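Dear colleague,

Please find the structure below, handed over for your own work.

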Amino acid sequence: MNRDDALHIVSDEDLFSKLIEINSGRFAESESYASCSDFLNETGMSQLTGTYLYTHRYRLDSFLFFKNSYDYFMLLEPSVLRKLHFFLGACIISCRLLRTVSTSELRIYQTAMGQDLFSFSYFYAVFAAYADELRLTDKLRSFDVSSDNVDELIGKCGDLAFYRMTQKFSSERLRILFMKKITLSDFHDLCNFFGLPAVRSSDGAVRLFRLAGIFLHNIGINLSGSEQE
């Protein structure tokens with residue numbers, strides 16, 4: 001590196017700090033390699049020599065492993081995540097809209113969602129299947145909705161949607177970071193509200209990611225692989 005390049009790096013505080021972090025970071029054995037070593041004895045470890053797994057045996061402690069393209073949505077800005085959260089919640093309760101004949105109740109949803117999202121949920125009420133798969137239909141049908149609690153109900157549906165998606169597709173370290181970007185209801189309180197067993201499940205996660213892909217596509221973001229499990 002010549003002097004000009006060195007001065008450029010030093011003058012860029014963000015770049016310089018990143019280089020320091022990389023060079024001073026402590027390396028740890030990767031989780032994948034460690035899990036493989038559980039199945040092989042010391043003699044058998046030679047079988048891995050030269051493989052991709054072996055050459056990438058170590059990584060920085062701060063390294064985050066993205067399991068697949070689904071993890072991409074966790075990198076979204078908090079403001080986008082909040083909109084996605086509300087979108088998912090609104091689509092899930094469309095199972096209620098399907099059976100609502102009261103004009104006054106429909107106005108409650110319309111006011112809470114806004115006209116565009118209300119129309120999307122109401123006229124494309126095939127999303128009732130999402131509530132069925134998440135086992136929320138009975139609760140949503142029996143809940144006494146009012147203008148005072150409709151936002152809370154939509155929010156709780158969105159909370160459960162995010163829990164389902166992160167449970168199925170994301171690594172634990174990414175989930176921890178994700179929860180710092182958006183505030184969700186306590187998982188056990190959420191289960192009590194919907195009458196669900198307090199056991200983490202990924203039921204409906206694939207459907208929800210497809211729905212998330214629709215939302216992101218509509219705002220100009222391509223969630224690569226959102227149609228694949």
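Gly114, which comes just after α7, adopts a positive phi of about 90 degrees. The model is a predicted one, in which local features need pLDDT of at least 70 and side-chain atom pairs count only at pLDDT 80 or more, while totals for chains, interfaces and linings use all residues. Residues are numbered from 1 along each chain as its sequence is written, and side-chain values use heavy atoms, with hydrogens and water left out.

Helices are DSSP runs of H or I, at least four residues, numbered from the N terminus. Helix α7 spans residues 103-113, and Glu105, Leu106, Ile108, Tyr109 and Met113 are buried there (under 20% relative accessible area with a 1.4 Å probe, protein chains only; exposed is over 50%, and partly exposed lies in between). Viewed down the axis of α7, these buried residues fall within an arc of 150 degrees, taken from the directions from the helix axis to the C-beta atoms, so they line one face of the helix. Arg107 and Thr111, on the other side of α7, are exposed. The cover over the buried residues of α7 includes α5 (78-92), α6 (94-97), α8 (115-123) and α11 (150-169), where contact means heavy atoms within 4.5 Å.

Thr137 belongs to helix α10 (residues 137-142) and is buried at 7% relative accessibility. Leaving aside residues up to four places away in sequence, Thr137 touches Ala131 and Asp132.

Searching the whole structure gives 0 disulfides, a disulfide being a pair of cysteine sulfur atoms within 2.5 Å. Cys91 is buried, at 0% relative accessible area, and Cys157 is buried at 0% relative accessibility.

Yours sincerely

Notes: Helices (H or I, at least four residues) and strands (E, at least two) are DSSP runs, numbered from the N terminus.
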